[in-house]
Amino acid sequence: MDMMRDLDPSAAQLLHMVRAARRVVAFTGAGISTECGIPDFRSPGGLWSQNRPIAFSAYLASPQMRAEAWRRKFAMEPAFRNARPGRGHRAIAHLVAIGKVACVITQNIDNLHQMSGVPTDRLVELHGNGSYAHCLACGLRHEIDEIRLIFEATGAVPDCRACGGIVKTATISFGQPMPEAAMLRARAEAEVCDLFLVIGSSLVVYPAAAIPLIARRHGARLVILNREPTDLDAHADLVVNADIGDTLEPLTRLDG
């Protein structure tokens, strides 16, 4: 039976485009994780409407700002720790497993793509990962629970146990340089795909938001799936303003 028969027209068109594509790249933002219980950042009631982001320069300069950043981190930790991959994550992981999606580029820091089964070597994290921390000087990995124990006992953020450097979550803050290797790989993947799927991104954070246009300029078809319109909708071959899980779930029935 044709799986497209009962689909919404936009979902059916997306499925057809994915089925016909040779090499697909998925580019995901916060919208794919909201059904998992993780709030987004920019919408009304989002994380940034409650707390103004702490700039990287302020984090480096002020022990008080570092303590405030970690206080916020620990306040949000239950939502991140209890989250499990949603239908969108599982659909993308399926497309990776059957060889349809060559690479997943994500702006998210929630580790849910890894949990869904996307191999690390097929994933590009543009904004880092919030499930662990690292030393900004020597790069040593530090675990969140270890830092929390010390923070709750002393009220201060511990320095690196190896070199005494500043420890920070392995995420990219405002004013912090983007990871060069990740950006280079994301651009390279955009240049060689023939279908670029934007999923749950508002496409307002640059330079990451320019990556879909790189794919478009190199001949890829562009799909934007987001609950709200984006500034790049006019460049897309298909725009779907609908629930991400509902739209992507039928893709789990593709068999290569």
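**Cysteines without disulfides**

User: How many disulfides are there by the rule for cysteine sulfur pairs?
Analyst: The count is zero, a disulfide being a pair of cysteine sulfur atoms within 2.5 Å. Cys 135 is in no disulfide, and its nearest cysteine sulfur, in Cys 163, is 3.5 Å away.

User: What sort of model is this?
Analyst: The model is predicted: local features need pLDDT of at least 70, side-chain atom pairs count only at pLDDT 80 or more, and totals for chains, interfaces and linings use all residues. Residues are numbered from 1 along each chain as its sequence is written, and side-chain values use heavy atoms, without hydrogens and water.

User: Which residues does UniProt mark as "binding site"?
Analyst: The unreviewed entry lists Cys 135, Cys 138, Cys 160 and Cys 163; positions follow the numbering used here, feature names are shortened, and annotations may be inferred rather than shown by experiment. They span 29 residues in sequence, but no two of their C-alpha atoms are more than 8.5 Å apart, so they gather at one spot.

User: Is Cys 163 buried, exposed or partly exposed?
Analyst: Cys 163 is partly exposed at 42% relative accessibility, where buried means under 20% relative accessible area, exposed over 50%, and partly exposed in between (1.4 Å probe, protein chains only). Cys 135 is buried at 3%, and so is Cys 160 at 5%.

User: What is Cys 163 in contact with, leaving aside neighbours within four places in sequence?
Analyst: Cys 135, Ala 137 and Cys 138, contact meaning heavy atoms within 4.5 Å.
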